[in-house]
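Student: Please show me the structure, and let us then examine how its descriptions rest on their definitions.

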Amino acid sequence: MRETWVVGAASSRYGKLSETAREAATKVALGAIRDAGLEPKQIGYTFVSNCFGLTEHQGHLGPLINNGLGIPEVPSATVESACSSSSAALHEAFVHVAGGFADAAVVVGAERLGHLDTLSATGHFAYGADQPFETRNGATFPGLYALLAGAYQAEFRTTPEMFGAIAIKNHANAAHNPLAHFQKEITLQQYLDSPIVASPLRLYDCCPFSDGASAVVVAAREAIRRPTREPLVIRASARAGAITDLQDRTDLLGLPSTRLAAEKAFRQAGIGPQQVDFAEVHDCFTIAEVLALEDLGLFPRGTAAREGLEGTTARDGALPVNPSGGLKAKGHPVSATGAGQVVEIFDQVNGRARGREVPRTDIALAHNVGATGGSCSVHLFGRR
Amino acid sequence: MPTEPPSPHSIEEFVQGYERAGELRGFRCAACGRRTVTWGLACSGCGGGPLQESPLAATGRIVAGTLVTVASEEFVNEVPYAYVLVELDGGGRVSGWISGIRSEEEVAPGTPVVFTPSYKAGVQFRRTEGDASAVPPR
């Protein structure tokens with residue numbers, strides 16, 4: 001396998017976009033290519049994610065992006081893995097580049113949901129669950145994660161203040177992120193006063209429906225003579241799956257696919273969880289951040305919610321988590337989210353995360369979940 | 001190892017069948033004995049099989065429940081309602097919904113429920129605690 005780097009990154013603002021996913025994707029792809037000091041003709045493959053493109057009456061986005069970049073002859077493929085789509089696309093790009101099938105590949109995820117009302121968007125999000133055996137029976141995404149939150153709360157005697165602390169922390173981080181959907185802080189009282197969406201989850205436990213696009217360029221070290229930015233060395237690119245339906249799982253206190261992907265990733269990288277300096281994890285709901293931190297091995301079982309309340313995961317804490325604001329406050333444009341996490345890590349390493357810098361950036365972790373963990377990606381990044 | 005489909009009908013026909021008949025059906029893994037309602041060609045628990053279609057009990061107890069107030073289009077007229085995971089008597093877990101719920105305490109773990117034929121698609125349960133008339137549908 002060839003040493004493989006992330007050499008460029010770009011992201012749109014997350015929130016409401018007036019342009020289509022196609023336009024946003026093409027712009028950020030070009031932005032990431034130029035950030036890398038490359039030209040589109042140097043790209044050997046384009047991996048695209050756009051789960052809800054059909055709501056815009058547009059599929060087959062890869063060739064359209066490549067046409068828009070002036071490289072119609074370059075192959076492309078769409079990668080779908082629900083909310084973990086663009087981290088799955090990154091994995092495919094890594095496999096291609098590390099395996100010698102391309103010297104450079106662009107990974108781009110884009111989503112536009114702003115043209116859907118809440119009712120329709122809630123329904124579309126639920127398409128990632130099992131239609132005949134979950135959604136048909138009344139499941140929503142908040143509802144499914146609410147079951148996990150309830151189980152965790154009962155087992156570990158957590159308080160609403162612990163989950164509120166995660167929302168407050170991620171909003172505080174997003175307040176310093178000019179691309180975030182919500183650039184405002186919230187108070188504990190606002191959190192506690194927000195309405196229940198699916199008990200025990202309140203509105204401020206939930207990520208928003210966001211539009212947005214993010215892209216990164218992956219290249220072989222040997223193909224990049226002089227990187228224009230400080231590259232991220234991809235030390236591990238791991239994915240795993242798990243039993244999809246919650247009713248078929250025996251353990252509701254975590255996501256098995258995260259545990260499996262994390263084990264693979266740390267083994268690939270030859271390091272342990274204690275060496276991670278900061279992490280972008282999949283916090284579609286506050287409970288999801290708690291479960292992620294424990295499943296990844298960053299905190300012992302049953303302790304992550306408490307650590308959040310004590311500030312351990314704040315930007316100036318022992319292990320900063322979601323300095324971007326996370327899905328919770330930066331936003332969750334489903335297919336862009338995985339790539340967006342890597343954009344944040346790239347920006348942190350390159351000193352571009354002004355106002356929300358984390359103190360140490362030698363080893364970073366990105367964790368991205370599909371639905372309730374039927375799929376999961378864990379990437380570990382280091383420096384040259 | 002995956003085997004032939006456990007039943008000759010489609011998932012939709014299978015699901016509609018038990019909803020209309022008022023009798024839950026699922027699959028039992030011949031290798032490990034695990035019961036599930038979720039369709040597959042092999043057991044998601046042990047990877048073995050074959051999966052044999054079999055009736056599931058109509059009664060059980062809630063394992064986890066939530067009170068949903070923001071629903072998708074199919075359930076928008078039901079809010080608030082409960083979405084629950086139910087451990088069925090005799091084995092197997094199934095998800096379902098319960099109408100007329102006003103607080104999450106009403107669907108606490110351990111609450112007994114019974115599968116009830118519904119006017120709409122989906123597995124509907126109702127609570128049986130304190131309800132002497134609750135008789136599992138035959």
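Tutor: In this predicted model, the centres of domain 1 of chain B and domain 2 of chain B, taken over C-alpha atoms, are separated by 20 Å. Residues are numbered from 1 along each chain as its sequence is written, chains are lettered from A in the order in which they are written, and local features need pLDDT of at least 70, side-chain atom pairs pLDDT 80 or more, while totals for chains, interfaces and linings use all residues.

Student: How do you know where domain 1 and domain 2 of chain B lie?

Tutor: Domain bounds come from an automatic or database domain assignment, which gives 11-55 for domain 1 and 59-127 for domain 2 of chain B.

Student: What makes up the contact between these domains of chain B?

Tutor: Contact requires C-beta atoms, placed from the backbone, within 7 Å; seven residues from domain 1 of chain B and seven residues from domain 2 of chain B take part.

Student: Why is strand 4 of chain A called mostly covered?

Tutor: A residue is buried if 20 or more other C-beta atoms, placed from the backbone, lie within 10 Å of its own. Eight of the eight residues in strand 4 of chain A (104-111) are buried, so the strand is described as mostly covered.

Student: How do you know that strand 4 of chain A pairs with strand 2 and with strand 7 of chain A?

Tutor: Pairing requires at least two DSSP bridges, and strands are DSSP runs (E, at least two residues) numbered from the N terminus. Five bridges join strand 4 to the parallel strand 2 (45-49) of chain A, and eight join strand 4 to the antiparallel strand 7 (212-220) of chain A; therefore both count as pairs.

How values were computed. A residue is buried if 20 or more other C-beta atoms lie within 10 Å of its own, exposed if 12 or fewer, and partly exposed in between; C-beta atoms are placed from the backbone. Helices (H or I, at least four residues) and strands (E, at least two) are DSSP runs, numbered from the N terminus. Two residues are in contact if their C-beta atoms, placed from the backbone, lie within 7 Å.
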